[in-house]
Amino acid sequence: MATYRPGSNALLKSDSILEYVLDTTVYRREHERLRELRLITQNHPKSFMGSSPDQMQFFSVLLKMIGARNAVEVGVFTGYSLLATALALPDDGKVVAIDVSREYYELGRPVIEDAGVAHKVDFRHGDGLAVLDQLLAGGEGKFDFAYADADKEQYRGYHERLVRLLRVGGVVAYDNTLWGGSVAMPRDTPGSSAYDRVVRDYMVGFNAMVAADDRVEACLLPVADGVTLCRRLK
């Protein structure tokens, strides 16, 4: 119901709008290796776990606008979003990539190497919260950008850690925060699964929590399946 599926967008009025966006501004300048990994991801049986191309283009521009050099990503899957981040960082930039599955990451690792950005990637195999705690043990305020697209019911835990890991002025992005638009629909909307209802309820609470967090300036964007951006203020 809620995650990205190639060629469709649950939040737009019609899929033709997404096609227009992709054809006009995304695919025309898409890096060859990014395109290769996008297609690998889209052909995977769990392609719904991948990030959308328009969202990745947005992140690429955002990373360059804030001058990001150090990033952290929780939830890697095939590494499509990871490659987009690595390509957007300067040559001496670094991105810590965290995922519980090394198997999925290995699908994209050769493409990341072919893109010439493997030296920017520090893959950490393990639980997101545990690895973030390890990073915090090394000090706070060291990252410019963070992206969370892993266990949705752990977003509150990610937020508490990622805000501390960011420098003041740094940005964290959370994926799937509109959950197919269900956050604005009745809980018992026909067609929703029990899991959808659980995550819908969680996201309603998470979005409210972020909006009330005076440590950040928050913005919820109707991009892909909903992206919540938080800029650290203090």
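## Basis

Residues are numbered from 1 along each chain as its sequence is written, and side-chain values use heavy atoms, with hydrogens and water left out. Because the model is predicted, local features need pLDDT of at least 70 and side-chain atom pairs count only at pLDDT 80 or more, while totals for chains, interfaces and linings use all residues.

Helices (H or I, at least four residues) and strands (E, at least two) are DSSP runs, numbered from the N terminus.

## Helix 2 and helix 5

Helix 2 covers residues 32–42 and helix 5 covers residues 102–114; their axes come within 9 Å and cross at roughly 170 degrees. Axes are lines fitted to C-alpha atoms, for helices over the stretch in contact, with angles from 0 to 180 degrees between N-to-C directions. The crossing angle makes helix 2 roughly antiparallel to helix 5, a term for angles over 145 degrees.

Helix 2 contributes Arg-33, Glu-36, Leu-37 and Ile-40 to the contact, and helix 5 contributes Gly-108, Val-111 and Asp-114. Contact means heavy atoms within 4.5 Å. By class, these residues are three nonpolar, one polar and three charged. Ala, Val, Leu, Ile, Met, Phe, Trp, Tyr, Cys and Pro count as nonpolar, Asp, Glu, Lys and Arg as charged, and the others, Gly among them, as polar.

## Helix 2 and helix 4

The axes of helix 2 and helix 4 (residues 80–88) come within 9 Å and cross at roughly 165 degrees. These two helices are therefore roughly antiparallel to each other.

On the helix 2 side, the contact involves Arg-33, Leu-34, Leu-37, Arg-38 and Thr-41; on the helix 4 side, Tyr-80, Leu-83, Ala-84 and Leu-87. Six of the residues in this contact are nonpolar, one is polar and two are charged.

## Helix 7

Helix 7 (residues 155–165) is largely enclosed by the rest of the structure, because eight of its eleven residues are buried. Buried means under 20% relative accessible area (1.4 Å probe, protein chains only). The buried residues are Tyr-155, Gly-157, Tyr-158, His-159, Arg-161, Leu-162, Val-163 and Leu-165.

## Thr-228

Thr-228 lies in strand 7 (residues 227–232) and counts as buried, at 3% relative accessibility. Not counting residues up to four places away in sequence, Thr-228 touches Val-172, Ala-173, Tyr-174, Thr-177, Asn-207, Val-210, Cys-219 and Leu-220.

The side chain of Thr-228 forms a polar contact of 2.9 Å with that of Thr-177 and another, of 3.5 Å, with the side chain of Asn-207. A polar contact is a pair of N or O atoms within 3.5 Å; within protein, one must be able to donate a hydrogen and the other to accept it, and residues adjacent in sequence count only if both atoms are side-chain atoms.

Key: Buried < 20%, exposed > 50% of the residue type's maximum accessible area, 1.4 Å probe, protein only. Parallel < 35°, antiparallel > 145°, perpendicular 65-115°, else oblique.
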